[in-house]
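Visitor: I would like to go through this structure by question and answer. Please keep it plain.

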2 protein chains.
Amino acid sequence: MADGRSSSAQSGENLLFLTDEQLRQGIEAMFFAYRGFTADPDRILSDMAYGRAHHRAVHFINRAPGTTVNNLLNILGVTKQSLNRVLRTLIEDGLVESRIGKADKRERHLFLTEAGRALEQKLSDAQRARMRMAFRDAGPEAVAGFRTVLEAMMDREMRSAYSRLKDSGT
Amino acid sequence: MADGRSSSAQSGENLLFLTDEQLRQGIEAMFFAYRGFTADPDRILSDMAYGRAHHRAVHFINRAPGTTVNNLLNILGVTKQSLNRVLRTLIEDGLVESRIGKADKRERHLFLTEAGRALEQKLSDAQRARMRMAFRDAGPEAVAGFRTVLEAMMDREMRSAYSRLKDSGT
DNA sequence: CTTGGAATGTCAACAACACTGACATATGCT
DNA sequence: AGCATATGTCAGTGTTGTTGACATTCCAAG
């Protein structure tokens, strides 16, 4: 690996795109792109008392209305204390509604209110606009590759969470 | 847009991959993948008194040895106070060396020490291992698409910073 | 040579967001 | 009745980011 060639790039296959240099470029692309990815919603949120964590909560509640706190916890990968701080402010501010479960009364099912949906729209419109431009500039084949690589990069649990969400969409 | 079809997907072109549903999947893929992307270095760093910010600083100093503080500031996109806190600990701990510029003595040129290079190796080995697996699983064409989309997603300034780094590599 | 501005460093205060640990409450299940 | 689960809450801590203010050093222009 000291020669800058990945240890996987041995046998005569066409694996030259696995040189350390190529990998490093992928890493840096990921870093810079993620900054762009979050930039627009962050700008909107900075004017309010909310941050990226609120955005994520609102996004996934909108995505899966009625989801439980525990489910959201697993998707977001944070502690319940961390999520609770965010949910509390969202509920206080009337953006999220928490309903006690019918089958299991310990569970809280989360829904966006009208105001919550409005914020979600505003944030995801901004984020989608950038994604749309990137997708349009890159073309369908590049987009397919993009998704393939990202999926391969996820942790296993996150990949299945992602697949579940993906399949439930439309 | 209320019909779930992107406003860009009007004229008869093949732009169905720009539906809001497709864009949302891209957004979620980005979110979950970035978690995987940072997971391994984060795990290593959590045992030390360092975090993701230290990783980023060490990465880019290694990438462009002798870079100035101001240059690093622009690449990382944080305030000098924030970067300075990180750099100070790295210098105190003997991972980074700060040399006063010869041409312009106001500038500080940053270099990794032997220990700094060791940490950088450890962190980037972990990150590259995941990237390598993802690239290998996805294949060269997917990787090309991945890079194309990420580049299109960057802010303009970040895109040029990325290109400069990319071109300087090998 | 003086002055203005640029590059850097430092101090203080603060906010967002994550963490751990401990504990309380209500509920479900055996 | 007793244990496990789901949720909420309090207290403390750490990392990373922010502003604002100010000092130092040095280059460059007048």
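Visitor: What rotation superposes chain A on chain B?

Guide: This is a predicted model, and the values here are computed from it. The superposition of chain A on chain B has an RMSD of 0.0 Å and a shift along the axis of 0.0 Å. The two copies are thus related as by a two-fold rotation axis. The rotation is 180°.

Visitor: Which residue of chain A comes closest to the rotation axis?

Guide: The distance is taken at the C-alpha, and the closest one in chain A lies at 1.8 Å from the axis. The same surface serves both copies, as 100% of the contact residues of chain A recur in chain B. The residue of chain A closest to the axis is Phe146(A).

Visitor: How much area do chain A and chain B bury between them?

Guide: The size of an interface is often given as the accessible area lost when the parts come together. Here 65 residues of chain A are in contact with 65 residues of chain B. In chain A, Phe32(A), Arg132(A) and Met153(A) lose the most area to chain B, together 11% of what that side buries. Carbon and sulfur atoms hold 73% of the buried total, which is about 6,400 Å².

Visitor: How many salt bridges are there between chain A and chain B?

Guide: There are 16 residue pairs in polar contact between the chains, counting residues at pLDDT 80 or more. As for salt bridges, the side chains of Arg130(A) and Asp155(B) form one, with 2.9 Å from N to O. The count of salt bridges between chain A and chain B is eight.

Visitor: Which element gives the largest share of the side of chain A that touches chain B?

Guide: Several helices of chain A give two or more residues to this side, including α2, α5 (114–138) and α6 (140–153). The largest share is 19 residues, and it comes from α1(A).

Visitor: What span does helix α2 of chain A reach from its first C-alpha to its last?

Guide: Helix α2 covers residues 52–63 of chain A, which is twelve residues. Among its buried residues are His54(A), Val58(A) and Ile61(A).

Visitor: Is Thr67(B) buried or exposed?

Guide: Thr67(B) is found in strand β1 of chain B, residues 67–68. Beyond its neighbours within four places in sequence, Thr67(B) is in contact with Leu72(B), Arg108(B), His109(B) and Leu110(B). Buried means under 20% relative accessible area. Because its relative accessibility is 6%, Thr67(B) counts as buried.

Terms used
Residues are numbered from 1 along each chain as its sequence is written. Chains are lettered from A and ligands numbered from 1 in the order in which they are written. This is a predicted model: local features need pLDDT of at least 70, side-chain atom pairs count only at pLDDT 80 or more; totals for chains, interfaces and linings use all residues. Side-chain values use heavy atoms; hydrogens and water are left out. Copies are superposed by least squares on the C-alpha atoms of residues with pLDDT of at least 70 in both. Contact means heavy atoms within 4.5 Å. Helices (H or I, at least four residues) and strands (E, at least two) are DSSP runs, numbered from the N terminus. The expected span of a helix is 1.5 Å times one less than its number of residues. Buried means under 20% relative accessible area, exposed over 50%, partly exposed in between (1.4 Å probe, protein chains only). Buried area is the accessible area (1.4 Å probe) that two parts lose on being put together, summed over both. A salt bridge is a side-chain nitrogen of Lys or Arg within 4 Å of a carboxyl oxygen of Asp or Glu. A polar contact is a pair of N or O atoms within 3.5 Å; within protein, one must be able to donate a hydrogen and the other to accept it, and residues adjacent in sequence count only if both atoms are side-chain atoms.
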